[in-house]
Amino acid sequence: MEGICTSCLYSSITPSSIEYKNRRKLLNTVQKNRSLSTRICAVTSVSTVQTPSEKTALLVKDISRTSALEQLDIERGVCIPFRKYSPESVRNKVLESRGQIFSLVGRGIEIVWSLGLYWTTLVYDYLVGRDEEVVPFRARQLRKLLCDLGPSFIKAGQVLANRPDIIREDYMNELCILQDDVPAFPNQVAFNIIEEELGQPLEAVFSKISSVTIAAASLGQVYRATLRASGEEVAIKVLRPQIEPIIYRDLFLFRTLASFLNGISLQKLGCNAELIVDEFGEKLLEELDYTLEARNIEDFLENFKDDPTVKIPRVYRQLSGSRVLVMEWIDGIRCTDPQAIRDEGIDIDGFLTVGVSAALRQLLEFGLFHGDPHPGNIFAMRDGRIAYVDFGNVAVLSQQNKQILIDAVVHAVNEDYAEMANDFTRLGFLASGTDVAPIVPALEAIWQNSLEKGLADFNFRSVTGKFNQLVYNYPIRIPERFSLVIRSLLTQEGICLTLEPGFKFLEVAYPYVAKRLLTDPNPALRERLIQVLFKDGLFQWKRLENLISLAKENVTKLSKNPAFRGNNRGTSNHLKNEQKLDLTDTIKDGARLFIIDEGIRRQLLLALTEDSKLHIQEVVDVYRLLEDQVDVPSMALELAQDLPSVARDILLSWSSSVLSDR
């Protein structure tokens, strides 16, 4: 396994060759057995180095001479060997004929002329000293200009709306309202594309299809239809005709322009401008291939298959292709209509709990995150479930990224801002080797100012506003996947506040995070739990009690759908789930650590005798919280069955210490 790139393995295993569950198990096995968490195909020489530290040093050294895409692979911890996008493929596409070259030149002149005129007005405003007072007008002008320049620029504007590292906040706020709603292309053109993908007449497959589009966007449009064979209602997503050549042409021009801005980008962001274009191009071309979106839907279905609170539409693979996607029609209520949700007998607070928990599971558990959860893509089902649609834009986080995010949460809880700044480097926000000392005070100020009113009034928008100022003033780049995560969390928080103005995000998020720290099967999270429970060498008894209470609250709420009141017209056959907090793995790991790890054993013994007294009452309080959650005889049996492996680990630890002493 040592020479295998995990992401190559993932990409080569398709749903048709192996079940998703087995694929995920195989990947987890590879990840657990890798000696280096970040590995890419391009750096083949790494496998010849013997020690992990030497491997890491070699990887950092090789970053300087790898391409932008390879740098992204290193930073993300994954690589995509069969990616649709590469600078070479884009160049070959747009330069393969004389006609395309002429088209490219014409488009380049149009873009340079339009952006040049706009840039000239900004320079003039600066020279006459009115650059600040006309910002609102210039921001609106930029938004309209991007719309006029077409789909690539609309998408670029949506990306810039979440990139405070590139543009200032007042321009971001204007671009946030940039919609990709554009005039629909003719129905007959769309129907011809559907028939070409199906290989048969429209009437043979659908008994009815809407005469108007349900939604039209920059890359495609959606129809509602009824399957002739089964009578099921479906949504048909159709890609705009001849859009790929336009996108390829614009990407080539974007990257050409970026090559002239590398110096500025290195100084401002600590990375080449070409890398930013490559991130953008990679995501954009993925959205042009509906087979990838179909796979995303299937992955989300697998992730939430046992969740009674989430609805993911089924995809009809046999009717779908690269330009057409047919999926189950979602008959839900828009999440911006609180009265309609209440009228269906749905509990608003329960529904918000469902939504926040689903978002956190995507981010911290699955590593596959819906990147565009605007109000048109999230619905309330009549049985209280939350439904997601439109999976063309998703964020993928590696196991390493998820662990670092949890590290950042732990460091925030422990107010360790220096380590939090280092987490930013590990996540790719800061270039390797960047001095984080100037950033630490700024991070401390942001976090403490956000908590002045207490955790109950904490909200992402206030923190993000302060963070935007930080990244604009320091050489910080927000990686594309995290810009999607930030946008997604902000959008979902906005939906929550629309439904319930007094909504407190952390009151819902904390119970889930507590449960994850206590019960996650990943042993790496045990280390994070220990960091949370020990502060300045002292054991935090009250923090442990709070974690257990919050985790129990999360399990109790989500054991059945908290949004379902029982008078809904929906079905309730999916409202059964686990009823107890499963701490089996955590207790087993804790017992193992206590026996094997001398440092942990010493810390726990000191915790029991802090301040020159036995903390018996604290132990009793913790036990009372857990007595209804743990089956003691079963736990004792499992611990006994685990004794041989514990004894082996003790012997190995002892022999290693003896050999090292010699």
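The model is predicted, so local features need pLDDT of at least 70 and side-chain atom pairs count only at pLDDT 80 or more, whereas totals for chains, interfaces and linings use all residues. Residues are numbered from 1 along each chain as its sequence is written, and side-chain values use heavy atoms, with hydrogens and water left out.

**Whole protein.** Of the 662 residues, 49% are buried, where buried means under 20% relative accessible area, exposed over 50% and partly exposed in between, with a 1.4 Å probe and protein chains only. Among contacts (heavy atoms within 4.5 Å) with a separation of 6 or more, 69% join residues 24 or more positions apart.

**H8 and H12.** Select residues 151–160, helix H8, together with residues 243–259, helix H12. Their axes are 9 Å apart and cross at about 60°; axes are lines fitted to C-alpha atoms, for helices over the stretch in contact, and angles run from 0 to 180 degrees between N-to-C directions. The pair is therefore oblique, since angles under 35 degrees count as roughly parallel, over 145 as roughly antiparallel, 65 to 115 as roughly perpendicular and the rest as oblique. Show the side chains of Pro151, Ser152 and Phe153 in H8, which meet Ile243, Ile246, Ile247, Asp250 and Phe254 in H12.

**Arg240.** Next, select Arg240, in the loop between strand S4 (233–239) and H12. Arg240 counts as buried because its relative accessibility is 14%. A polar atom of its side chain lies 3.3 Å from the backbone oxygen of Ser218.

**H14.** Move to residues 273–287, helix H14, whose 15 residues reach 22 Å from first C-alpha to last, close to the 21 Å expected; the expected span is 1.5 Å times one less than the number of residues. In H14, 14 of the 15 residues are buried.

**Glu302.** Select Glu302 in helix H15 (residues 290–303). With 21% relative accessibility, Glu302 counts as partly exposed. Its side chain makes a polar contact with that of Lys305 at 3.0 Å; such a contact is a pair of N or O atoms within 3.5 Å, and within protein one must be able to donate a hydrogen and the other to accept it, while residues adjacent in sequence count only if both atoms are side-chain atoms.

Notes
Helices (H or I, at least four residues) and strands (E, at least two) are DSSP runs, numbered from the N terminus.
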